[in-house]
Amino acid sequence: MVRRTKLLNCEICDKYCVLCNSAVLTPAVLTDHCWAVNEFCAAAFARNGAHHFRGAVTLQIEELEAALIGLPAPRGGARIFGTPQLRPFLASDGCIGSVAAKVLGVQARPVRAILFDKTGANNWSLAWHQDRTICVREWREVEGFGPWTTKGQAPHVAPPAALLARMVTVRVHLDDVPEDNAPLLIAPGSHLLGRIPESEIEDVIERCGTQACLAEAGDVWLYSTLILHASKAALRGMRRRVLQVDYSAETLPGGLEWYGV
Ligand SMILES: O=C(O)CCC(=O)C(=O)O
């Protein structure tokens with residue numbers, strides 16, 4: 001017999017959780033589950049820094065795989081440049097870009113894309129960190145921007161944290177990500193803390209708690225770019241392909257230009 005209990009509304013978005021309608025819920029659990037339902041709640045995203053869009057690209061997954069075929073995906077991931085076949089997916093009215101546009105509006109544009117392809121033979125883990133750099137066309141000295149590095153032959157620079165806080169990152173899952181296939185781990189709410197010094201990371205994780213972002217092929221996770229995150233190596237002989245795209249709705253100051261995709 002299915003036990004039905006009174007549905008509680010999420011304290012943030014005032015909607016009930018469709019996943020838990022037979023469980024006894026506390027408001028805290030509901031808030032957690034809130035990001036697992038398809039309904040997007042801007043207020044919950046602003047607080048948690050993440051939202052799971054189930055099946056957002058399921059219908060386009062074969063076309064997407066075809067667009068990505070042949071692209072290198074070495075250990076640690078490869079930046080994707082000059083791939084016009086991806087643009088319809090990434091535009092703000094495309095199946096990927098429209099997820100970013102929920103937060104940034106129609107001005108959202110893809111500013112960096114990376115393809116990760118973890119397999120038993122191409123495996124790695126990443127300790128807790130924030131993504132702190134953006135990819136630009138050329139080096140220019142601009143106040144607040146630095147230090148500079150070169151990755152994948154393109155200049156990268158650490159911008160002011162406030163700029164990163166206004167960006168979002170979309171992760172498109174091409175394979176299932178159960179608990180043992182290297183889900184992204186996040187510390188919900190950590191994106192609100194600006195740039196977090198290395199020495200404070202442990203303490204922030206303790207305070208924010210952690211969440212494993214499980215997914216099925218065709219799902220999309222949306223994150224605040226500044227969120228503290230980590231990922232383990234894949235444990236089983238499974239493949240874990242993720243297309244990760246950073247979005248911004250801004251032009252850069254001082255003549256700096258986004259590299260783009
Ligand atoms: O996909 C992953 O495993 C981790 C990606 C990541 O942490 C990053 O790009 O900073």
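Student: Which residues does Val-170 touch, not counting residues up to four places away in sequence?

Tutor: Happy to take you there! First, two notes on reading the model. Residue numbers start at 1 in each chain and follow the sequence as it is written. The model is predicted, so local features need pLDDT of at least 70 and side-chain atom pairs count only at pLDDT 80 or more, while totals for chains, interfaces and linings use all residues.

Now to your residue. Leaving aside residues up to four places away in sequence, Val-170 touches Ile-96, Val-99, Ala-100, Val-220, Leu-222, Val-245 and Tyr-247. Touching, or being in contact, is defined by C-beta atoms, placed from the backbone, that lie within 7 Å of each other.

Several of these names come back in the largest nonpolar core, which has 57 residues. Ile-96, Val-170, Val-220 and Leu-222 are the ones with the most contacts inside this core. Strand β3 (residues 109–118) gives the most to the core, with five residues. (A nonpolar core is a set of buried Ala, Val, Leu, Ile, Met, Phe, Trp, Tyr and Cys residues joined through C-beta atoms within 7 Å. Buried is defined as 20 or more other C-beta atoms within 10 Å of a residue's own, exposed as 12 or fewer, and partly exposed as in between, with C-beta atoms placed from the backbone.)

Strand β8 covers residues 168–173, and six of its six residues are buried, so the rest of the structure largely encloses β8. On one side of β8 are Val-168, Val-170 and Val-172, on the other are Thr-169, Arg-171 and His-173, and all of these are buried, so that both faces are covered. (Helices, H or I with at least four residues, and strands, E with at least two, are DSSP runs numbered from the N terminus.)

What lies alongside β8? Strand β11 (residues 220–224) pairs with β8 in the antiparallel sense over five bridges. Within that pairing, Thr-169 has Tyr-223 of β11 as its bridge partner. Strand β13 (residues 240–248) also runs antiparallel to β8, and six bridges join the two. (Two strands count as paired if DSSP finds at least two bridges between them.)

Let's step back to the whole sheet. Six strands make up an open sheet with antiparallel pairing, in the order β1-β11-β8-β13-β3-β2. At the edges stand β1 (50–53) and β2 (78–79), each with a single partner strand, so one side of each has no neighbour in the sheet. For β2, the partner is β3, which runs antiparallel to β2 and is joined to it by two bridges. Arg-79 has Ile-114 in β3 as its bridge partner.

A helix also belongs in this picture. Helix α5 (residues 97–104) lies across β1, β3, β8, β11 and β13, and runs at about 155° to β8. (Axes are lines fitted to C-alpha atoms, for helices over the stretch in contact, and angles run from 0 to 180 degrees between N-to-C directions.) Val-99 and Ala-100, two of the residues that Val-170 touches, are buried in α5 together with Gly-97, Ala-101 and Val-103. Just after α5, Gly-105 takes a positive phi of about 85°.

For orientation, here is a second sheet to find on your screen. Four strands form this open sheet in the order β4-β12-β9-β10, again with antiparallel pairing. Its edge strands, β4 (126–129) and β10 (211–213), each pair on one side only. From one strand to the next, the twist averages 25°. Strand β9 (residues 184–186) pairs with β10 in the antiparallel sense over three bridges, and Leu-185 has Ala-212 in β10 as its bridge partner.

The protein chain contains seven helices and 13 strands. Of its 261 residues, 36% are buried. Among contacts between residues at least 6 apart in sequence, 71% join residues at least 24 apart.
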